[in-house]
Amino acid sequence: MTFAIEVAIGGLLVGIMYSLVALGFALIYKSSGIFNFAQGDMTLFSALALVGALTFLPLWLAILAVLVTMIGLAIAIEVLVLRPLVARPPLTLFMATIGLGFLLEGIGQAIWGTDPKGLDIGISDIPFKVRGLMISQLDLLGAVLSGGLFLGLVWFFQKSRTGRALRAVSDDHEAALSVGIPLGKAWVITWAISGVVALVAGVMWGTRLGVQFSLSLIALKALPVLILGGIDSIPGAIIAGLVVGASENLAEVFLGPYVGGGIQTFFPYLLALLVLWFKPYGMFGREIIERV
Amino acid sequence: MIYRECGVFKATYQEDMAIFPIPLDRWGVMVILSMAFFVIPFLASDYWLSSILIPFLVYSLAALGLNFLTGYAGQLSIGHAAFMAVGAYTSLILYGRYEVPLFLSLLGGGLVAAAVGAVFGIPSLRIKGFYLAVSTLAAQFIIEWGLTHWKWVSGGVFGTVDTPPMKIFGWPIDTPAKKYYLVLCFVVGLTLFGKNLVRGQVGRAWMAIRDMDVAAEIIGISLFRNKLLAFAVSSFYAGVAGGLITFTYYGAANIEAFNLMLSFHLLGMIIIGGMGSVLGSFFGGGFITLLPIFINQFARSLGAALRSDLLACIELIIFGGLIIFFLIVEPYGLARLWQTLKDKLRLWPFPY
């Protein structure tokens with residue numbers, strides 16, 4: 001039983017890290033109605049940039065530099081990609097973000113190289129024992145950061161003036177324009193925030209897995225988390241991350257041996273499908289009522 | 001003046017329901033088909049046939065299948081390469097192990113893929129939009145896992161099965177030209193079938209579902225039947241395409257050939273080519289298949305000294321950039337560009 005709890009807690013902590021990536025998706029969807037498939041590549045890009053900056057800057061300055069880079073990137077994306085595509089069907093925007101993903105992946109690797117790199121931010125990933133349970137310092141940091149991001153973002157979207165404007169934009173681009181919300185500015189803010197979230201995710205995952213191409217694939221682990229929680233829900237991303245992390249770890253350890261292992265790759269999707277069958281908009285997603 | 005729609009008098013029901021009512025279209029299709037059958041195989045080199053034309057045709061076929069599902073029936077699928085994998089392995093096993101004739105094993109691969117596709121289509125009855133899109137990723141991961149872990153299928157973790165030499169009635173299909181004909185026959189036949197499917201009752205039901213499924217249900221279209229049918233037909237095309245590409249291009253079924261990247265490429269094909277357009281699937285298939293080849297050639301001719309990993313990055317950059325560029329310039333796909341061209345040619349060279 002202790003073993004099961006240990007597995008579950010390990011899973012919960014990994015789940016928090018999934019949440020970090022899912023949060024980026026949810027943010028952009030919530031505030032601009034765009035399903036941003038490039039989130040994984042943004043994570044990779046920010047991690048690559050950080051590794052690149054660390055070669056000649058101290059840690060805090062490097063993080064600052066990458067933050068500025070991500071904000072610059074958000075502005076570039078708004079001007080070059082989103083502005084020409086205002087009021088296009090969501091599917092077109094979705095495809096554009098896939099293209100953007102290729103672009104970022106290519107640019108990042110062209111500048112900083114394709115070889116796997118280590119990322120050392122001075123926090124060890126070696127687990128220590130707390131009352132007999134193995135917990136890693138990095139996981140704890142991840143949990144604290146996600147918690148902080150979560151509280152900050154919820155406050156931002158519910159209470160702040162800008163946050164409300166962003167929610168209006170996600171409802172209807174044209175309606176938001178007509179009540180005087182500057183669409184371009186709203187998008188820059190959204191993408192900058194999600195760039196920051198990508199940076200946090202990139203730092204955490206980069207420290208754990210090393211910085212290389214495969215880092216962009218963690219987006220695929222975040223997607224079931226996203227739909228399980230509801231595409232436009234920030235609390236959903238966090239809670240679903242915990243659920244997915246714990247359950248996939250438990251499934252891998254206790255069910256995996258019977259079917260040949262490796263079920264971690266698709267178990268979250270099965271779980272999400274199962275839940276979506278009963279709640280088609282995820283656990284916390286906004287339900288869209290269709291009328292004819 | 002060039003593209004004339006006048007002077008078409010439909011006097012019988014047959015003429016009214018003709019697949020190409022305008023004579024110019026009819027002639028155009030005839031010319032293209034006869035070029036494809038009688039001219040290209042003799043002019044094109046083996047390299048062109050086997051590494052450019054065959055992938056172009058096969059991926060266009062797969063894109064056509066995805067277009068039924070996404071462009072016509074409105075169900076976004078980003079796990080479509082997995083159905084190609086199912087078709088590939090099934091046709092190989094049918095042909096290689098059970099010695100079913102080649103044509104039948106390719107169709108069999110399609111049918112099994114259709115069955116699998118219909119199963120993965122079940123969530124579409126409850127889930128919509130991007131939720132459904134992510135759910136279809138489940139197909140990709142589950143099928144990949146299944147094919148590599150089910151020893152009977154692939155015989156091991158690597159999941160590679162070599163193709164046996166192809167024969168039809170004892171006649172070997174070994175040269176690129178013969179393979180090209182095999183692919184072409186399938187593509188032409190299935191495209192004709194598909195074109196008729198989408199302009200008939202089934203296609204109209206799909207389009208009604210795409211536009212608004214609640215409304216479609218109210219006017220008496222069975223969502224259950226038509227959505228699952230869309231998944232099945234679409235996966236059938238994917239399955240046949242998967243079988244074809246394995247037999248004629250890769251020479252071995254390998255799960256890596258049908259990864260998520262291919263699914264994205266297929267989606268890119270129909271969005272760039274044109275959603276809900278049979279012709280668009282071919283435009284998109286051509287664009288996405290040929291683009292990396294040309295970028296590669298171009299980059300190679302520019303700087304032979306470039307490192308190969310940098311070259312791969314440049315390919316990614318150009319590919320991603322062009323996708324965005326095309327979406328901005330022509331958001332409704334290349335098929336719409338074709339439509340615009342036809343509208344222009346209606347009057348050209350006269351001002352009115």
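## Helices 2 and 4 of chain A

In this predicted model, helix 2 (residues 39–54) of chain A packs against helix 4 of chain A at an angle of about 15 degrees. Their axes lie 9 Å apart. Angles under 35 degrees count as roughly parallel, so helix 2 of chain A and helix 4 of chain A are roughly parallel to each other. Their crossing is left-handed.

Helix 2 of chain A brings residues including Met42(A), Phe45(A) and Leu48(A) to the contact. Helix 4 of chain A brings Gly101(A), Leu104(A) and Trp112(A), among others. By class, the residues of this contact are 8 nonpolar, 3 polar and 2 charged.

## Where chain A meets chain B

The contact between the chains takes 40 residues from chain A and 37 residues from chain B. On the chain A side, helix 4 (90–112), helix 9 (218–229) and helix 12 (267–278) each give two or more residues. Helix 4 of chain A gives the largest share, 15 residues.

What classes of residue make up the side of chain A that touches chain B? That side has 28 nonpolar, 9 polar and 3 charged residues.

## Helices 3 and 11 of chain B

Helix 3 (residues 46–72) and helix 11 (residues 223–250) of chain B cross at roughly 170 degrees. Their axes come within 7 Å. Angles over 145 degrees count as roughly antiparallel, so helix 3 of chain B is roughly antiparallel to helix 11 of chain B.

The contact has 19 nonpolar, 3 polar and no charged residues.

Key. Residues are numbered from 1 along each chain as its sequence is written. Chains are lettered from A and ligands numbered from 1 in the order in which they are written. This is a predicted model: local features need pLDDT of at least 70, side-chain atom pairs count only at pLDDT 80 or more; totals for chains, interfaces and linings use all residues. Two residues are in contact if their C-beta atoms, placed from the backbone, lie within 7 Å. Helices (H or I, at least four residues) and strands (E, at least two) are DSSP runs, numbered from the N terminus. Ala, Val, Leu, Ile, Met, Phe, Trp, Tyr, Cys and Pro count as nonpolar, Asp, Glu, Lys and Arg as charged, and the others, Gly among them, as polar. Axes are lines fitted to C-alpha atoms, for helices over the stretch in contact, and angles run from 0 to 180 degrees between N-to-C directions. Angles under 35 degrees count as roughly parallel, over 145 as roughly antiparallel, 65 to 115 as roughly perpendicular and the rest as oblique. A crossing is left-handed if the near helix is turned anticlockwise from the far one by less than a right angle, and right-handed if clockwise.
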